[in-house]
Amino acid sequence: MCGIVGVVGQGEAAPLLVEGLRRLEYRGYDSAGVATLVNGRIERRRAEGKLSNLAGALARDPLPGRTGIGHTRWATHGAPTERNAHPHGTARVSVVHNGIIENHAELRAELEAEGQSFHTETDTETVAQLLDLHLARGASPEKAVVETLPRLRGAFGLAMIFAEHGERIITARRGSPLAVGFGEGEMFVGSDALALAPLTRRVAYLEEGDWAIVTPDGAAFHDGHNARVQRAVRLTQFTGAATGRGNYRHFMEKELHEHPMVLGDTLRQFLDPATLAVRMPPLPFDPASVPRLTISACGSAFLAGHVGRYWLERLARLPVDIDVSSELRYRDPPLEPDGAAILVSQSGETADTLAALRLLKEGGQRILSVVNVPESSMARESDSSVLTVAGPEIGVASTKAFTAQLAVMACLAVGMGRARGHLSLTDEQRLTAALLEVPGNAALILEKDEEVQRVAASISTARDVLFLGRGALYPIAQEGALKLKEISYIHAEGYAAGEMKHGPIALIDPSVPVIALCPTGGLFEKTLSNLQEAAARGGRIIAFTDRDGIPHLSRFAEQVIELPRVGQFSTPILYAVAVQLLAYHVAVLRGTDVDQPRNLAKSVTVE
Ligand code: G6P
């Protein structure tokens, strides 16, 4: 949420800042801006809307200067106008910020009483005005930062430049991630390593409470008590080339087509095709004796965790509590003394998930995170982490990272089922064999593109859409609804099919398409009855099923799409691909901004 980039270097900063922001635009795209130091003065260019507007403004009116900061905004306080666009500041200092300064109103009142005059409605400007007050009283930039940071409540990643102190950026972190990139005679700051990928792969992360002075020759890191500290420089796996759109119309389309590869890469970490055994990653708890597991996450990652719960309870007979992190963190749940927790996150930076992680850790739980970014805050703060190998995901709505999360949860469930003595060797081999077929089956689903497009055309003008599923397909029905809402702006609900008659059935009429996820096996008959109840009330049923389900469904469904016939276990992963593809095509037909849907951000680093 909000992207930050900074450059102290040898050449012109502005083009590098814009390139960095382009890679961060997935974090927010309400407005963008850059500020550079030009002969001891701070100069800014800012623009409302997408980054292309800022790039246009810079083309018309270029910004020189070798030191600069840039920002792409996801508005929290203050409308997404040019006036509220970052960087914010005064003649002395300029600031970009990711996060929320919770005590901004109190600080603003105090600063106004001191004679500081504000120009925006943002919480961020209070940081700039506080710094300015200290600078005006003769403090050095370092001293101003040391005085300012303890006054701020809430979360922040900050990058600051100072008019009279060229060739330096001061950066600070509390809650929101920040990386410092090391170049040759030039240095960079970014809210994630992806922003820095074309510039350098050598990166050090600020730890919680850290601040750092970044100059062309290096960085001096300080902890929350202002003591000098060293932070390890790592090589990130991101490369400058990794984020192209190729020949696809949208990143989301490209990322959907990466499902088979990503699933293969993720599963390969855990499955031995020769022996059909699951190779368990090192776990921070003993799966055989752990009494209880808590799973928490946000958005689609939560839904992956929810499918994980079905698998873990069924295959490993392990009691699982699951909740969205924004609730769990304030719920004060009773925790088992020897319990463990799994946190699921693509970015590894989602503010609520990170807070839930910390709460669970303080509550004595052993923490395993399932993340896509190995250097992320969650990976670093967990007792151990398991990686999804999805590569950078740029489309704001999660696709390939979601199915990779499912793949990890499936492997963990089988491995833990074995460790707890609830699965036999034959069960393990059968389930492993099913998982090994998933990448190939995902490719078959992608080949259904035209058929899915026809379904998309038939629902693209609907006002409401209902997705129904049972068991582990219930969270996938919710994923289908979430994706449709996110990128096509059609109201959609994902419901447990059996629960439909307790409410949503009242919505059903011929204008409400009902998308049914109903593979044969398991609860097929029961789902079929639920769908007939909907059809009897004039509902338009569109069913995803397998070959054996077709004769049953085609009796009353308007459209039936055949998906590969696989065992019950792996259906959630495959049906997820189908519902995501459907949402994509509906969004394309409606002409929405598929990769950057309105009001959303990919990495939600504020609560
Ligand atoms: C945002 C994204 C979702 C994602 C969720 C959790 O809402 O738009 O696609 O599922 O955040 O993000 P995480 O990085 O923790 O998986």
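**The ligand site and a strand pair**

An oxygen atom of the ligand is placed 3.0 Å from a polar backbone atom of S300, a polar contact in the sense of a pair of N or O atoms within 3.5 Å. The model is predicted, with local features requiring pLDDT of at least 70 and side-chain atom pairs pLDDT 80 or more, while totals for chains, interfaces and linings use all residues. Residues are numbered from 1 along each chain as its sequence is written, and side-chain values use heavy atoms, leaving out hydrogens and water.

At S345 an N or O atom of the side chain is 2.6 Å from an oxygen atom of the ligand, and at Q346 a backbone N or O atom lies 2.6 Å from a ligand oxygen. Of the 380 Å² of accessible area (Shrake-Rupley method, 1.4 Å probe) that the ligand has on its own, the protein covers 91%. The surrounding shell holds 14 residues, the closest being S300, S345, Q346, S347 and T350, where a residue counts if one of its heavy atoms lies within 4 Å. Helix α9, residues 299-316, gives the most to this shell, with three residues; helices are DSSP runs of H or I with at least four residues, and strands are E runs of at least two.

Elsewhere in the chain, strand β26 (residues 540-545) pairs with β27 in the parallel sense over four bridges, pairing requiring at least two DSSP bridges, and A543 stands opposite V560 in β27.

Conventions: Polar contact = N/O pair within 3.5 Å; in protein donor to acceptor, adjacent residues only side chain to side chain.
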